[in-house]
Structures are given as structure tokens and as C-alpha cells.
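Subject: Structure for you to look at

Hello,

Here is the structure I said I would send. My notes on it follow below.

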Amino acid sequence: MARKPQRRQRHRFRVRAAPVGHPPGTLLARPHAAPCVVRVIAYGPDAFVEQTVRDAAELEPLLRQWAVTWVDVEGVGDVDLIARIGRIFGLHALALEDVVNLHQRAKVEDYQDHCFIVSHIASLAEFVSTEQVSIFLGRGFVLTFQEGKPGDCFESVRQRIREARGRLRRGGADLLTYALLDGVVDGYFPLLEKLGDRLDAIEDEIIARPAARPVHHLHELKRDLLCLRRTIWPLRDALNGLIRDESALIGDEARVYLRDCYDHCVRILDLVEIYRELSADLIDLYLSSVSNRMNEIMKVLTIFSTIFNPLTFIAGIYGMNFRPESSPLNMPELSWYWGYPFALTLMFLVAASLLIFFWRKGWIRTARGPLDAQPGSDPRPAGR
Amino acid sequence: MARKPQRRQRHRFRVRAAPVGHPPGTLLARPHAAPCVVRVIAYGPDAFVEQTVRDAAELEPLLRQWAVTWVDVEGVGDVDLIARIGRIFGLHALALEDVVNLHQRAKVEDYQDHCFIVSHIASLAEFVSTEQVSIFLGRGFVLTFQEGKPGDCFESVRQRIREARGRLRRGGADLLTYALLDGVVDGYFPLLEKLGDRLDAIEDEIIARPAARPVHHLHELKRDLLCLRRTIWPLRDALNGLIRDESALIGDEARVYLRDCYDHCVRILDLVEIYRELSADLIDLYLSSVSNRMNEIMKVLTIFSTIFNPLTFIAGIYGMNFRPESSPLNMPELSWYWGYPFALTLMFLVAASLLIFFWRKGWIRTARGPLDAQPGSDPRPAGR
Amino acid sequence: MARKPQRRQRHRFRVRAAPVGHPPGTLLARPHAAPCVVRVIAYGPDAFVEQTVRDAAELEPLLRQWAVTWVDVEGVGDVDLIARIGRIFGLHALALEDVVNLHQRAKVEDYQDHCFIVSHIASLAEFVSTEQVSIFLGRGFVLTFQEGKPGDCFESVRQRIREARGRLRRGGADLLTYALLDGVVDGYFPLLEKLGDRLDAIEDEIIARPAARPVHHLHELKRDLLCLRRTIWPLRDALNGLIRDESALIGDEARVYLRDCYDHCVRILDLVEIYRELSADLIDLYLSSVSNRMNEIMKVLTIFSTIFNPLTFIAGIYGMNFRPESSPLNMPELSWYWGYPFALTLMFLVAASLLIFFWRKGWIRTARGPLDAQPGSDPRPAGR
Amino acid sequence: MARKPQRRQRHRFRVRAAPVGHPPGTLLARPHAAPCVVRVIAYGPDAFVEQTVRDAAELEPLLRQWAVTWVDVEGVGDVDLIARIGRIFGLHALALEDVVNLHQRAKVEDYQDHCFIVSHIASLAEFVSTEQVSIFLGRGFVLTFQEGKPGDCFESVRQRIREARGRLRRGGADLLTYALLDGVVDGYFPLLEKLGDRLDAIEDEIIARPAARPVHHLHELKRDLLCLRRTIWPLRDALNGLIRDESALIGDEARVYLRDCYDHCVRILDLVEIYRELSADLIDLYLSSVSNRMNEIMKVLTIFSTIFNPLTFIAGIYGMNFRPESSPLNMPELSWYWGYPFALTLMFLVAASLLIFFWRKGWIRTARGPLDAQPGSDPRPAGR
Amino acid sequence: MARKPQRRQRHRFRVRAAPVGHPPGTLLARPHAAPCVVRVIAYGPDAFVEQTVRDAAELEPLLRQWAVTWVDVEGVGDVDLIARIGRIFGLHALALEDVVNLHQRAKVEDYQDHCFIVSHIASLAEFVSTEQVSIFLGRGFVLTFQEGKPGDCFESVRQRIREARGRLRRGGADLLTYALLDGVVDGYFPLLEKLGDRLDAIEDEIIARPAARPVHHLHELKRDLLCLRRTIWPLRDALNGLIRDESALIGDEARVYLRDCYDHCVRILDLVEIYRELSADLIDLYLSSVSNRMNEIMKVLTIFSTIFNPLTFIAGIYGMNFRPESSPLNMPELSWYWGYPFALTLMFLVAASLLIFFWRKGWIRTARGPLDAQPGSDPRPAGR
């Protein structure tokens, strides 16, 4: 009852700004940020090269040589490396600050010669946790920065480049950006599938055993949904902006594909909203279950108390010690021949009439009604 | 009480994306998808031909020969066939993916030379279930893809073509599209009629017998309404887009008819929203019924306990065994001539005064008030 | 308790579409639709003629002869007559279908040479019920179709035409349309007045006697408000559209008057929304009254049980039959000289200390506080 | 408990339309409308004249002679006088109808050569009540119509004209209109101040003594806030319209000042919304207080009942009259040497173990926790 | 229980208008307003000067001499000084009135040659309190007015100017304005961090010990969030206006930086909204905890009462004094050989069967269910 909760790992909604007092655009390494691992894939329609680089200077030759260069930086702990990459690709200081300074909202910012996209991937262990993915789309290059948590949502894209499957190798940097965003967005579907299962489990729990405390689980689920909603809502807006803005960096074909990605985003949001509504309904269901249960407890208590109170009273009457010898009026019943059977009969009659009273009130009858049978017997509508 | 719920067939809100890691536009057969049955009706103002085809190649001659060719594919399990049909009619790969990959939102997408419409038909057995209907509208052809669940909402349209009733045979592919969408939308009306009946049944249940558990039924009804809302809301937007967009595929006459169809959609949504509000009100009504009932139980318990507690106490007093022989102060009442009648009178007075107290508090009086008679006696307003 | 509700006449939210499977624009008589009574008033600035026609052909000469011809059709049961009228005035088939097919939403549809307006009049007997009024405005004519329920909201307009009061006789068909819509809209005011009275009655009920069950009445009132809202909301939009659209059928003067009518509509909606908020507040008020009442009941129960439990226990102790003759330790109190008075005093002390405990907890004191006196003593603000 | 509420003077939300059946623009005196008192101030930069007129004809010379003529009509009972004033200033009939026909929404209507503004002043006695103020702004004149309730919110403006303070005397009719609207809007601030005090008083009441019934007061406060909101919301929109519309009647300077007035309006609305949210929160707070209280009552009841039930049972056992002489098994305890002390000890042990059980459950411990001390000990954030 | 709350220092939502009856633009010192301290920093790319001035006349030479002059006025008590500063910089009278007249909403007003920005900084001691910061941006100067509460959020900006860090010294007045607004906005982050901690503490409290009264703390937190929301919401709108308006006072570079500042604002609002939702969820969680607890109490009460009621009744039966000598029917059990053991066995059987009944109902079993173990055992999703 009084045990301390050990649920400290739950998602904490936090926004951390740049440390106060520094000029904007200052890059400061976060404590505990993962060190950077830089993986490059450069490709054209016919060939590709894949390597891990340690020095930012290795990137420049690739950039000139290949149609598309994709630099994937996992971990944002090495601020100097990131600053150097930023200089090579000509990235804006404020954008770089947002890369290092995690917990940004999803957004698209257009800096003339490159486009800066912030999105998040979510994973579900005990709770939903999110990881910021920053994407720079420029002429002939794509830069991605991941927080460096375990798991890599871009592996399938990498595989498609290697195997030259689909149109990816023949497309430009904009198509690669689409493929990456598609990977980010589609990663939400299995997660929602799991949350849906949890919601169903909680519903079953509420219906089957209202004594268990599913509201705590519901509360945690709502937290998770809130977290997802906060992550995906701005992403939807950002994708919409990306499709509508007349940026020269994104071609017509990629725009059609991005529309599909936007569509997935809308479906995810849709589902999150529906799950939120279902959660709210479940609270109602739970509270009504609890009050039904309370009603049931109260009925048992009332029936027992109300029946035995008068019986005990009658027994108490005949347990009084008035002396028959002092007066003929003093409890003559005690000496009657039928005294004891009469008392027992009286008690029985009182109990029986109370039981009938409660039966009339519907407190003893079972609560199952005609409606319970209805939905099942409802035939399939003929009008369809 | 502890029986397991067997309600596993309830609508589960799920969004299933394409399997992760495949390039966009990949067609993958869903497990358990129904095999395809392809039915074609081609018609002009004066004649029509109806047949079931097995090979996609049979479609091309029809397409050239007739004013309008309607290909209705029931079931989306045969991915190769669908891909071949897609090539014949020049459909976009992403649109085809959405046909196979069910659980899309209703939408209209304009691909220059054809228009892709996703909508859903709903049916109500124990719960509401939906079936995706994808429609392609092109120059001289309409393609429809149904999931293949039993039931065919397009039979009446087919009948109208056969009998040359209405303007359908003289119109183009756009008018056929309208007729199909109209069939889809109008199929919701009988379903809503049934849900309305269920809502009324639940309301009667709550008013007549608050002990039954109608909240579970209400919860299921709300799920159904949520499902309907989720289905129709995007359909309304899609229809609105279809009317407003300057697509050359839709003529002025069809546009007027589509406005009517849009109108029906709005009325359905209206009703769904009203049912949702009524459901929310019923929860309030239910909770107030329950608390009234609890109040009633508490009153019975309190009245009985409160009356018999002092009586039993008095009986207990005179059941004490203090010895009169030790002291004249020890319970002289027991030896009084009027002792026993006095004790009984005392008990009667206590009980009576408590009953009067409860009567004053309004706990014993019946709860019916003057308001109950009011609405009926309210005369019809003269000002109308 | 278990009586069946006889409230079957409550407003049922229903939308009935055209019977499935018929081509759009098909006129089908509804079962139970009232037969048509056609009343015509044709007028110019100087004269007017009023007659009841049986044959639609009688209308054409009037149409040519008079500045404005108003055909009022009460009842929509005679589908052939309506179809004939439609042909004479050149009405669109879909619009005519909406006339016959009741339960439309209020709307304005512009068919180039005529304008189709759907609105509703509401009446309040036990519950709010609505009647569809369809208005066609064309060059020189106005057509109105009423459902044919008893009551005629256009009588005052007719009287104004007969008496040549106001500007109506000098104006065109657009001014007549305004007058009719104004009659429709203003008919809501007395109805809202009545609903406001009911709301006040329920509030008084809740405050004075929370034991009565005003929530049922509140629930019915909310249903009525929902019905009104659903009726007026689209009417407001339709009127707004009528004012803003550049239809040539409506002149500048009528537009100014329609703005006034729109204004009334907004005020009605305003009031409906306020009543809905007040209803929601009353639920809160009711629930808090109920829980106060429950608190009060619980207090009485607790006070009585808690006081008499230890007293009865003490009496029980001295009612035990331990034999003093077996041991001097066995209940020597029973033989004490002051034994009985001592026991009674002990009981009195226990009861008194418990009463003091409850007094301290504030369970016995009256609940009236200083705030109750406050609002009345609040002087009128000097700052006004 | 059953006393009748005497709170009939509460604000009743009513909308009264013109009596049904009259042509629009008909002026009908309301019953109980106050008679008209017409006060005129006419002024130019250098002089002013102030007088009370009885005949509308006296106004015309003033209108020609002075830069700005302000006619203030207090009371709308004299319909003929108002109609005559309307003719002199050329006011639209529908606008005049709205002047006489109170309970309009705040609005701005532009009739080419004059502008019609409806606003309300609110006052707070026991409840909020409002008074309609209609303002006509034309070339060189301002007309104001007040309902004629006691109190005059324009006195300070009059004083400023007399003393030639500020820019008012040098400005035109538009600046005077601004000054009047500013007076109307600023009159809400002290009223909100008072409502804020009431809200604080209710909050203190809830926290200190949840047994009192503050929910009734809260309910009344919410009514008042609803009334204020309904009054100010359309006023804000009207002011916004006044600023944005390109009316020639309002100069650039007055427009800047009106922006300030609009700003005040927004702040008032802001506050009303916040008070509404706080009220809703207080309901939650109240309900949780009540359920805490109920919990406390239940605990006392449960502890006492649960402890004394077994004790009374034990006493009852040893009060049974089984005869030891019939059998050695019949209650030998009664004859034991340590019988009575043993029974008392048994009772004590039962009571003690139950107390320990309740202590473990936390029902006897005080409810104050570590959190209670927290906010006070929280140091001022250093990061500011 | 009945202690008076001493929480008078909580945030009181107040809007104070200018004293009624004064012409607009009148500067009136507020009572208790802090006296003015005027600190000036004037700088160019290469040098800067910092001084405290007492006479407004000292400002003019600085203004001509330096690229940017920043006048920071702490305290708004000296109305004459502020009016003089206003004349020197040519500020609008209404804007100056808003500086002195605190409790304005955040806003941006464009007065051609200068721009007036109102914003607030918030601090969190026991409760959130806010301080108005008014900023004037003109050609070559920035004026800031703080309320004069302790703490200075601009110190870091001053330090950056002194140390010529970042781009500030090379930029114009618009960049300084950005830096100041950035300081204002970023000051909210640590505050939100603290509120988040409090929310977590309350959540832990609710989960661990529902008997404590965390709802009061929650209520205070909600007040604080309401206050923050009210402060930041208009600031966001104002910043958005500043970015979008084509004011010549703000250059392109500053506009990009302001976009970043706007972004921070959106994130703060985001978080405030999430905290508000979490608070609402916690109320649900609390209420469900309370009703669980009530359930538990009721169960204990019911179990004990229900078991001991029949037992005490049986003991009462055998405590009756019917005389065996009057009749063989009068309680022969009392003389049976196995009488007493039989009675005890009967009691035991009754108690046991009731315990089994309660066990069956699930009232004695522990409430922990299979769901409690579920989330922890859920493996990390493989699909990420």
C-alpha cells in the first residue's frame, strides 16, 4: 500500500533551452550526449560507396564526386565535429544549435540553399520514448543527425540503396529525404499497434475485474499518447509545409511521394486521437464499474444489517431481566407455553417480510436485463 | 461476475502500413485477403454488356468499344491481377498500393489523367465494421475495388444500368462515379437508424432499471460511433475536394449531383455527432441514477440502523445482571410493577421520534415532486 | 420503480434518405404524408388576389399577371401535384426530391434561375418537434412547401399582404422571402422563452429538493436544445450564404432586411448555447447536492452507530453470566453498591465524549457559513 | 431544508423579439420601459452648450450650429419621441427598432451616412445585470440611447467636455464615440474586480470548510460570468469591425484610440475566460474535498463498527444462558476462576489487533504528508 | 481542519484599467510602484559606454553619438521622468500609458517611427508571479521598462555587450530587441522545469498515498499554469506579428533570429498545454484512487458487520430468558448436553460460509491482477 513507486523511467515532458546567457548559435555539448559516429553513403544510378569517416575533411571529395551524398551522424556529443561538418555544408548556426540542443519540435525551416527538417522517431519499451532526428537537405547531399540511442530506423533505406531496389538510386537528394522521412513515419505504426493492444488489455481488465487498478495503466497510456501526439502533430504540419512550399530543393516526383508520407502522418494522428477518446471513455466505464460495485457492496451491507438489526433487538427484548415475580406485567411471555416458538416465529416473519421488501426493490434479483441479449440477436442489416 | 468477456470481434482501431523496408509502390498481398472476382459492365446510351473476366487482357477491347467501362474488382488478394489492371489503365503505383493496403482514410487524389477516390462502406452486425472501396475515375472508365466482404452495395447501380433507369446510361464515367459514391453514402442511413434504436433502447434501460449495466452497451455504441465518424469525416472532406477542384474529369452535371451526395454526408456526420452527444448525456443520466439509487440504499440502511441501535441498547441495559440484592440502586426498574411496559413504551417513543426526525428530513416521504407533472400539462405554445 | 416509461413521443433524431436503389431526383410519397393544400396569393402594389387551387395549371395565368405570386403548399403527400408545380416553375429535380424527402438540413442552393431554401419551424408541446419549410425564390414567384403539421407560421405575412401594411406589397419576391424567413426565425423566440422557464423550474427544483429527480427533466431539456441547435445552426449558415452570395434574385433592400433576420438567428443560437451551458452547470449543481445529501445521511448513520456501539457493548459486558460464586474476580461490579449508577455514568460519559468529538469535527454544527450572507450585503458597485 | 428560494432576481437569459406579426421596423413601446429624458451637449473646440430638451424639434438648430452635437436619450419608453429623433437624424428603421427592442447583441452596423453601435454596460448588485446602450455616429452628431436604469456611465465624458480636458473638444464625433465606448468598456473592470473577490472568497470557503455549500455560490458566479461573456464577446467583434472597416465616419486618430479600447475588451474577455476556468477547477476541488470528507466519515464509522462488533459478540457469547448444570460442556468458562478477566483480556486483544490493522492501513494516521511542506520551502528560482 | 488558509500571496488574476474618468493617455503613478532607476548602455561595433542617468536630458547626446542606445528603466513609479523620456524619444501617449498601467497583455503595436512591445517575465517562488517588461524599438534606440521587482533578466545581454561576444555589438537596435526578447522567453524554461517537477511530485503523491490531499496542490499548479498560459499565449501572437509585419525597423537577420525566439515560445506553450492535460488526468487518477479507497473501506465495514451481525444474533437468541420450567418448548437447547458446543459450531459455520461468499465475490482476495506485470515484461519493439 505504502510502497514507493519505482516508475522513475516514465516519459518526462521537458523542454531544455540553450543555457541562459550564451549568444544564439552557440554549440554546447549536452552532458551524457553520445559520441558521434559518422557513416557516409554516396551513390549515383550505377554505383555507390559506403564508409565510416572520422575526419570531416573526408566528406568534401565525396560531395563533388557523387550525385547524392548521405552523411548519417549518430550521436551529437562531439560538438567540434558537428561544427566542422556545418562549415563544410554551409549550414546555418541556429539550425546546428537545434541539432545539438535536443527536444526540439518537429519543423521544417528553409534556409535558401538548404532545408532543415526536425522529426522524431519513437520507441516503446515500458513507456514511449522519443529520439530527435535532424535532416538537412541540400543540393546533392542529405545530412542526418540521430541522438545515438540504440536502434537504427534508416537501415532499410541503406539496404535499398545497396541493392538498388526501387527508384531510390536513380532519384536525387529529395527522394532520399522522402525515403528517410517515410522510414521515420512508418516506424510509428507498429508502436501504435502495441499501444492499441495495451488499450484492449485495459478494457478487458476493466470489464472482467473492476477491482484491479487499471486506471494507473490507463494514466500511463494517456501519457504515452500525449507524448506521441506532441511528436507527430508538428511533424504533420512540417510535412505539409514541405509539400506546399515552392522550395527548389524538392522535385515534383518527390513531392508526390511526400504527399503519401503526409497521408501516413495524418492516419497516425487520427489513431492517436481515437485512442485518446477511447481512453477517456474507459475512465467513464471504470468509474461506472466502480460505482456498480460499490452499489453491490452497499446492498449486501444494507440487507444484512437491516435484517439482523430487528432480530437482535427482539432477542435483546427477551433477554431483559424484568422480574416476573414483581409484577404480572413484567414479561409474562417468558413463561408462556408457546413463548419461545412464538419469538422465533416473530423473528422469522420479520426477516421474511424484509427479504420480500428488498426483493421488491430489486436488490436481491440478479441485475442481468433483456438488453444483454440484444446485440447478439441483432441480425445483419439487410439494407447494406 | 468473473466470466471472461467473449467480445473479441469488436472493431479494433488499427492502421497497418506497408511492411517496413519495402520501396513505396510495392504491392504485397495481405494475408487472408479475398481472391479477386472481376465483373465488368460496359455501356453506352443504347446498349450494355455485362461479363465476368478472368484475364485482364479482356478489358482493353471493351475500353475502346464502349462509352463507359466499369470494372468492379471484388477482393484484393490477387496482387498480380491488380498490377496488370493498373498497367492497362495507367494507374499510379502509390494509388495501387493504397488499394491493396487496406485501412486507408477516405481521400481523393488527383493524378492528372485519373482520379483516385478511397471511401468505406459500413455494416452493422454486433458491431460496426467497415470495408474499403477504392474508386478510379478516368476518361471513359471507372474502376472499383472492394475488400470482398459479403454484401454488394453496388447491385442497385448495376440494376439501374441494366434497366436504363434514370440518366445513368446517357451520362459519362463521372455520373457513374457519383452513382457509386451515392450508393456508398446512402448505405450509412439504415445503419444509423439501427444505432439510433440501440441508443433509445439504452436510454429506456437506464430510466427503467438503473441496476442493469447499460454503460457497457453505451461504451460499445460509442466505439461504433467513433468508428463511423472516423470513416465519414474524411469522406466528407474528400467529396468537398472533388466538388471544388477543377478536375476536367468531372462535368458540371455530375458536380451538382455530387453536391447532393456531399449534403447527405454532412447529414450523416451531423447525426453521428448528435448521437455522440446523446451518449455523453446518457452517462450523466446513468451516474445520477446510480447515485440516486445509492442514496436510497443508504437511507434504508441509516433508518434501520439508527432506529434499532438505541432500541437494542435499551434492551441491553435491562439485560444487565446487576444484583438488586447488593444495593437498592442496582436496577430497581426490574422490580417495578410497570417496569416492562415502561421499557417497551420508552422504546416505542424513541423509535417514533426518530421516524418523525427522518420524515422531517424527507427521507421517508416519496421523492416524486411537482415538476414531474409539469411537462405533460404544458399546453402547446400558441405563438407558433 | 419498475414502471415502464411512456415517453415514446420524444424527439427522435432521424435522417431518412431516399429509398435505396432509386435514381436521384425520384419523387416518392412518404407514408403518412399529409395531402397537399395549395393556397395562392398574388399581389402587386395596388391589389391582390387570394385563392385555393386544386389544379397546378391554374397557377400559370397568375404568374404572368401579377408582380409577385406566392404559392403555399401545405402537406407533401401528393407527389404528382408537386411534380407538376415543379415543371411549371422550372424547379430542379434534386431540389424537389428534398422537398418531399423531409428531414433535410437547412440550406440555400442556387440553381441559376431560382434559389432553393430549406428551413425549419419548431414547436414545443411536451418535447420540441420540427417541421420542414422549403422555399423556392424565383423571378416573380415564391413557392413554399410545409409538412402540413397543424399551425401556420405564415398567417401574419398573409395578413400583412392583405392589409398592405409595411413595405411588403411594394417589394418584390425577395422581400416576401425575407418576410417568410423572418416569420420562421421569430417563431423560435417564444419557444426559447418556454425552455428558459423550464430550465429555471429545474434549477429551483434542484436547489429546493435535491431528492426529486430533476436530471431526467434536464436530460429531456438537453435533447430539446440539441434538436434546436441542429435546426438553427445550418439555418444561420444558409442565411449568411444568402446575404453574401451575389445572387441576382435578391435586391439590396431585401439584403439589409435579411441581415436583420440573420442577426435574430445568431441571437437564438447564442441563447441555445447559453442554455446548454447552464444545463451542464446544473448537472454539477445536482451532483454536488446529491453528494451533500449523501454526506448528511452518512453523518447521521455514523453518529448514531458510533455512539450506540460502545454503549451496547458496555451493556453487553454487564449482561454476561460469569458466576460470582466461582471466583471473586468474576464480575464483582455486579454486586457493588454503586454498580448500576456507575455503569450508567460510564455510558453517559462515553456518549458525551463522542458527541464532543463529532462537534469538533463539525458534523453536528449546522452547515450554514458566513458566505451565505455575503452576496445580499454586497453594496451596488460605485464604479459604474 | 425545504425553504423556497427567494432568488428570483437572478439574471434570466432572455431574448425578446419584436412582437410577432408586425412588419419589420415597427416601433412598439415595451411595457415598463422608462420614459425618455433627452440631454444634449453640443460643442466645438472653444465653447459648448448643455441643455435638456423636451421636443425633438429643438435639436435641429443645434445640429447646424455646432461641430459636434451629442444627444443622450435616457429611457426608451417614449416611442414617438424616438421616432421623431430618428427622422431628424435620418436613422434607419431597423436600427431604431433595435434601440427600442432591448436585449440585442452588441454589434456595429454601417448604414452609409451613419453607423449604429449596440453595446452594454453591466452592473453588479447581487447578480450581474446589463443595460443596453445604443450609439449612432453620424456626420457631426452622436446619439446615445440608454435603457434608463439608475446610474450614468457617461458622466465622466460629459465632465471632460465641460472642462475641455484632453483632446475631446478638439476632436470630432468619432472621438466622442470612442470616449463613450471607452467609458462603457472600462466600466467592466471594477465589476470583474468584485467577481474576482467573490471567486477568492468561494475558494477560501471550499478549502477551509467543505461542509458549507459553496457550489451554489459558484453556480451563481458562473451564471454571472456567462452573462458577461455573452455581453462582451460580440462587443469585441463589433469593435474589431469598427477598426477594420473603411468607414469614412471614423478618422485615423479615433481609429488608434479605438484600437486601445478594443485591447481593453480583449483583456476583459481574457479575464472572464480565466475566471470561468477557475470556477470549473473549483468544482473539482470541491468534489474532491467532499469525497475526502466522506472518506473520513466512512473511516470513523468503519473503525467504530468494526471494533465494537466482535466485542459485543464476545459479550453476547458470555451472556448466553446455557445451563452448566445440564452438561459440563455448557459454558464452563463462566465458572472459571479467571473467567471474567480472561474475557476482558480477549476483548482488549481483539480491539488492539484491529487498531493495529487500521493503523497499518493508514486510516488512523493523520493525512498530512511531506508535500504539504514543499511549496513553501521551494527557494526562488535562481535562473530568472 | 478548520485552520484559516494563509495563502493570500497566491496569484490573483486582476486587470486594472486606468482610473475611470481620465482622458486616455493620462499617466498616473500607481500606488506602491517602484521608483525609477535609469541605466543606459550605448554601443557601436568598437566601443560602448555604460552609465546610470538621473536626468532624462542626459540621454539626447548619447542618442546622437552611438549606433545603438539602450535605456533600461527599472521601476515605473516616477511618472514625470517617464513622460520626459517619452517626449525625447517621441513615444505615443497611449503606449506610455500602457507602460505605467501594468497588467497589460503581451502585444506588439506599430507606431510608424517606433514599435511598442509588451511582454512579461515570470518567476516562481511559492506561486508564479509575473512582471511586465515594455520594450520600445526605434531607429538607433531601444527602451525597456521593467516593473522593478527584484531580479534582472537582462544582465546576460548587458554582459554580452560589454564583452562583445556574439554578433550583438555589430548589429543594430533590432538585434538588441531580439536578444532582450530571447532573454525574456528563455527565462520561462527553468520555471517550467520546476513546475514539471512539482507535477511529478504530485503524481507520486497520488499514486503512493491517496489519503493525502494533493488536489489542493494540483489546484495551485493549475492556477500557475493558467497564469503562464495567459502570459505566453499573447506573446506568441505578438512575436508572430513582429516577424510577419513589414516593419522597416526590423532587418532580415533579426527576423531570422526572431523566428527562433518565436519557436521557443511555441515550445513553451506546448509544454504548458501538456502540463494542463496531465493535471486534468491526475484529477481523474486521484478520484479513482479515492473511490478505490472508499471501496476498500466499505468492504472492510461490510465484511465485519455482515459476519458479526448473525453471530451476535445467535448469541442473543441463547441469551433470552424464556423459562424452561413453564414449557418444554422454551429453549430446551439450553439444557442439551451438546448445547453450547452446538451453538459455537453454528456460529463458526455461519462465519465460514459468509467468508466463502465474500471470497467468491472477490472482496477478500488481493486486487493485484495479471496486468500489473505486463508493461515491464513487454519486450522492446523490434520494428523500430
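Helices (H or I, at least four residues) and strands (E, at least two) are DSSP runs, numbered from the N terminus. Pro310(D) lies in one such helix, α8 (residues 252–317) of chain D.

Residues are numbered from 1 along each chain as its sequence is written, chains are lettered from A and ligands numbered from 1 in the order in which they are written. The model is predicted: local features need pLDDT of at least 70, side-chain atom pairs count only at pLDDT 80 or more, and totals for chains, interfaces and linings use all residues.

Around Pro310(D)

Pro310(D) is buried, with 21 other C-beta atoms within 10 Å. A residue is called buried if 20 or more other C-beta atoms lie within 10 Å of its own, exposed if 12 or fewer, and partly exposed in between, with C-beta atoms placed from the backbone. Leaving aside neighbours within four places in sequence, Pro310(D) is in contact with Val350(D) and Phe308(E); contact means that the C-beta atoms of two residues, placed from the backbone, lie within 7 Å. Met347(D) is 37 residues away from Pro310(D) along the chain, and their C-alpha atoms are separated by 8.0 Å.

Chain A and its sheet

Chain A has ten helices and seven strands. Of its 384 residues, 45% are buried. Among contacts in chain A between residues at least 6 apart in sequence, 67% join residues at least 24 apart.

The seven strands form an open sheet with mixed pairing, in the order β2-β1-β3-β7-β6-β5-β4 (chain A). Two strands count as paired if DSSP finds at least two bridges between them. The edge strands of chain A are β2 (48–53) and β4 (107–111), each of which pairs on one side only. On average, neighbouring strands of this sheet are turned by 15° against each other, direction ignored; the axes behind that angle are lines fitted to C-alpha atoms, for helices over the stretch in contact, and angles run from 0 to 180 degrees between N-to-C directions. Inside the sheet, β1 (residues 37–43) and β3 (residues 68–74) of chain A pair in the antiparallel sense over seven bridges. Arg39(A) has Asp72(A) as its bridge partner in β3(A).

Strand pairs in chains D and E

In chain D, strands β6 (residues 128–138) and β7 (residues 141–146) run antiparallel and are joined by six bridges. Opposite Leu137(D) stands Val142(D) in β7(D). In chain E, β1 (residues 37–43) and β2 (residues 48–53) also run antiparallel, joined by six bridges. A hairpin of four residues links β1(E) to β2(E), and Ala42(E) has Val49(E) as its bridge partner in β2(E).

Nonpolar cores

A nonpolar core here is a set of buried Ala, Val, Leu, Ile, Met, Phe, Trp, Tyr and Cys residues joined through C-beta atoms within 7 Å. The largest has 456 residues, of which Val142(A), Val142(B), Val142(C), Val142(D) and Val142(E) touch the most other members. Apart from this core lies another, of 104 residues, including Phe313(A), Ile317(A), Ile303(C) and Leu311(E). Not counting residues up to four places away in sequence, those that Val142(B) touches include Trp70(B), Phe136(B) and Leu176(B).

Chains A and B

Chain B is superposed on chain A by a rotation of 72° with 0.0 Å of shift along its axis (RMSD 0.0 Å). The two copies are thus related as by a five-fold rotation axis. The C-alpha of chain B nearest the axis is that of Gly319(B), 4.7 Å from it. Copies are superposed by least squares on the C-alpha atoms of residues with pLDDT of at least 70 in both.

Between these chains, 69 residues of chain B are in contact with 68 residues of chain A. On the side of chain B that touches chain A, α8(B) gives the most, with 17 residues. The residues of that side divide into 42 nonpolar, 14 polar and 13 charged. For this count, Ala, Val, Leu, Ile, Met, Phe, Trp, Tyr, Cys and Pro are nonpolar, Asp, Glu, Lys and Arg are charged, and the others, Gly among them, are polar.

A backbone detail

Gln112(B) has a positive phi of about 40° although it is not a glycine. Gln112(B) sits in the loop between β4 (107–111) and β5 of chain B and is exposed, with 10 other C-beta atoms within 10 Å.

Regards
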